[in-house]
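These are notes for a colleague who is opening this structure without having seen it before. The points below are numbered and can be read beside the model.

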Amino acid sequence: MGDHKEQPLRVGAAVRRRRRSLDLTLAVVAERSGLSVPFLSQIENDRARPSTSSLEKLADALRTTAVELLAAADPACSVDVVRAEDTESPGPEPRSRSLVRGHHQMHATEFTGDHEAGREFQYRNDQLMYVADGAVEIEAEGRAYRLGRGDTLYLTGGVRHRWRATVPDTRVVVVAVAEHIEAVRNRKR
């Protein structure tokens with residue numbers, strides 16, 4: 001139960017991501033594939049499941065394969081449990097574990113122990129850092145921030161930063177908008 005392998009796949013989001021990455025309209029994909037715009041819209045919104053033949057036509061129109069679209073598909077489940085015992089590696093060395101399985105709009109990773117302090121990060125989309133235990137020092141936008149247990153730091157996409165644990169056995173949870181998501185920002189104020 002809760003295992004993605006048991007759930008049917010929703011190919012709609014993968015089709016939409018691929019279409020948008022190619023800057024194509026539904027009308028253009030309909031023309032290329034021979035499928036109707038309403039049907040394509042239903043597929044993208046997971047209100048219709050394409051047959052194997054339709055999926056192949058759609059994949060051709062999107063310059064990919066049906067296999068690739070299925071590989072990028074989202075699982076149809078809305079709940080998934082990641083158990084600590086399934087992902088933890090024993091030992092005192094620094095480690096990280098994914099708190100979310102599969103291809104989703106958000107990623108969450110837990111870091112435990114020391115961290116490679118010299119490594120600089122820059123993510124395309126926004127992220128939130130939460131200190132579950134211990135303390136960290138974060139350098140971002142030319143400023144240093146000290147965070148303790150329960151503190152959070154929000155970084156908008158594109159901000160260069162680095163961080164390090166300042167207390168042994170520090171646990172930091174990083175939640176980020178997935179890289180395949182095109183974040184739309186309204187910069188006008």
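Predicted model: local features only at pLDDT ≥ 70, side-chain atom pairs only at ≥ 80, totals over all residues.

1. Leu147 belongs to strand E7, residues 143–148, where helices (H or I, at least four residues) and strands (E, at least two) are DSSP runs numbered from the N terminus. Its C-alpha atom and that of Ala135 are separated by 5.6 Å, although Leu147 and Ala135 are 12 residues apart along the chain. Leu147 is buried because its relative accessible area is 7%, given that buried means under 20% relative accessible area, exposed over 50% and partly exposed in between, with a 1.4 Å probe and protein chains only.

2. Residues are numbered from 1 along each chain as its sequence is written, and side-chain values use heavy atoms, with hydrogens and water left out.

3. As for the overall make-up, the secondary structure comes to six helices and 10 strands. The protein has 189 residues, of which 34% count as buried. Among the contacts between residues at least 6 apart in sequence, 65% join residues at least 24 apart.

4. Which residues have the most contacts inside the largest nonpolar core? They are Val11, Val15, Val29, Leu40, Ile43 and Leu58, in a core of 17 residues; such a core is a set of buried Ala, Val, Leu, Ile, Met, Phe, Trp, Tyr and Cys residues joined through side-chain atoms within 4.5 Å. Two or more residues each come from H2, helix H3 (37–44), H4 and helix H5 (66–71), and H4 gives the most, with four residues. Apart from this core lies another, of 13 residues, which includes Leu147, Leu153, Trp163 and Val174. In soluble globular proteins, nonpolar side chains tend to be buried together.

5. Helix H2 (residues 26–33) and helix H4 (residues 52–61) deserve a look as a pair, since their axes come within 8 Å and cross at roughly 115°; axes are lines fitted to C-alpha atoms, for helices over the stretch in contact, and angles run from 0 to 180 degrees between N-to-C directions. The crossing of H2 past H4 is right-handed, a term used when the near helix is turned clockwise from the far one by less than a right angle, anticlockwise being left-handed. Val29, Arg32 and Ser33 of H2 make the contact with Lys57, Leu58 and Ala61 of H4. Val29 touches Arg19, Leu24, Leu40, Leu58, Ala61 and Leu62, again without residues up to four places away in sequence.

6. The structure holds two aromatic pairs, defined by rings of Phe, Tyr and Trp (its six-membered ring) with centres within 6.5 Å, where planes under 30 degrees apart count as stacked, over 60 as edge-to-face and the rest as tilted. Phe111 and Trp163 are edge-to-face, at 5.6 Å centre to centre and with 70° between the planes. This pair links distant parts of the chain, with Phe111 in strand E4 (residues 106–112) and Trp163 in strand E9 (residues 161–165), 52 residues apart. Phe121 and Tyr123 are stacked, because their ring centres are 6.0 Å apart and their planes are at 10°. Phe121 is buried at 9% relative accessible area, whereas Tyr123, at 28%, is partly exposed.

7. Asp23 has a positive phi of about 55° although it is not a glycine, and its place is in the loop between H1 and H2. With a relative accessible area of 70%, Asp23 is exposed. Glu141 likewise has a positive phi of about 55° without being a glycine; Glu141 lies in the loop between strand E6 (135–140) and E7, and counts as exposed at 61% relative accessibility.

Notes
Contact = heavy atoms within 4.5 Å.
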